[in-house]
Amino acid sequence: MDREQLADFLRTRREALQPEDVGTVRGARRRTTGLRREEVAALAGMSTDYYSRLEQRRGPQPSTQIVGALARALRLDLPERDHLFRLAGHAAPARLPTSDHVAPGVQRILDRLTDTPAQVVTSTGETLVQNPVAVALLGDQTSFTGLARSTVYRWYTDPTSRDVYPEDDHALRGGIFTAELRSAAATGGAGSRAAQIVTALTRESAEFREVWAQHDVDEKHTQTKRFVHREIGPLTLECESLLDTETGQRLLVFTARAGSDDAAKLALLGVVGTQRLTTP
């Protein structure tokens, strides 16, 4: 680990970012060049003290998870991300289609979507980053670990993961998730993350084995999706998907028809963000 170079690299990349680059409003009295340390720490999900010690050349060696979070927070491209990992004393992650690194351009788009749910997912349904409105709608999907990071794995192993969809849509959603997994497994091949999920679910879920045996390769994507939120009730939203052809990741954006009841509910979610809604 090169503490001196790591600290300098973090500082220069922090100072190169502007509040607008990460979806933050610039205050009238702001004098800081680039982002503040506490802003980067918040984006990376760590304490300001921890991040400050890294910039002050006195921090401990950060884990690979921390380095990955810093790379996303600082909107690094792949060469910069690899350099950051090496400065921190780690090997750079392999540049595979299943990479967890979100492209800076996709991240910038997400940062600007402040009033509608949006999130970035992998080909195996692992949510890499969400905006606050998506967390309010779907819950925090980025905190899971291991195979549970995958939507399809949780679908068949955690019944509560289905609560965000109407019960009438469960068969449809399960079929779509399974077909997506089949496509990812065929693309990734043996040893891929998708193949690992298939092996685990085949062992753990009789329902998965039944759906998998149907060999359905039609993902049956519907632009219109129905959700159930426990405080504001049902919502019908339109889902737009932007594919990053380099990583295979998708930016999902959920919108409501202007003037509809769903638009009003979505506006409420946009106001409260990740705060739990309360009823009178």
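Guide: Start with what covers helix 9. The cover over its buried residues includes helix 8 (151-157), helix 10 (193-204), helix 11 (206-212), strand 3 (224-229) and strand 5 (250-255). Helices (H or I, at least four residues) and strands (E, at least two) are DSSP runs, numbered from the N terminus. Contact means heavy atoms within 4.5 Å. The model is predicted: local features need pLDDT of at least 70, side-chain atom pairs count only at pLDDT 80 or more, and totals for chains, interfaces and linings use all residues. Residues are numbered from 1 along each chain as its sequence is written, and side-chain values use heavy atoms, without hydrogens and water.

Helix 9 covers residues 170-188. Its 19 residues should span 27 Å at 1.5 Å a residue, and its end C-alpha atoms are 27 Å apart, so the two agree. The expected span is 1.5 Å times one less than the number of residues. Just after helix 9, G189 has a positive phi of about 80 degrees.

The buried residues of helix 9 include F177 and R182. Buried means under 20% relative accessible area, exposed over 50%, partly exposed in between (1.4 Å probe, protein chains only).

F177 belongs to one aromatic cluster with W155, Y165, F227 and F254. Rings of Phe, Tyr and Trp (its six-membered ring) pair if their centres lie within 6.5 Å; planes under 30 degrees apart are stacked, over 60 edge-to-face, the rest tilted. The charged end of R182 sits over the ring of W212, 3.8 Å from its centre. That label needs NZ of Lys or CZ of Arg within 6 Å of the ring centre and within 35 degrees of the ring normal.
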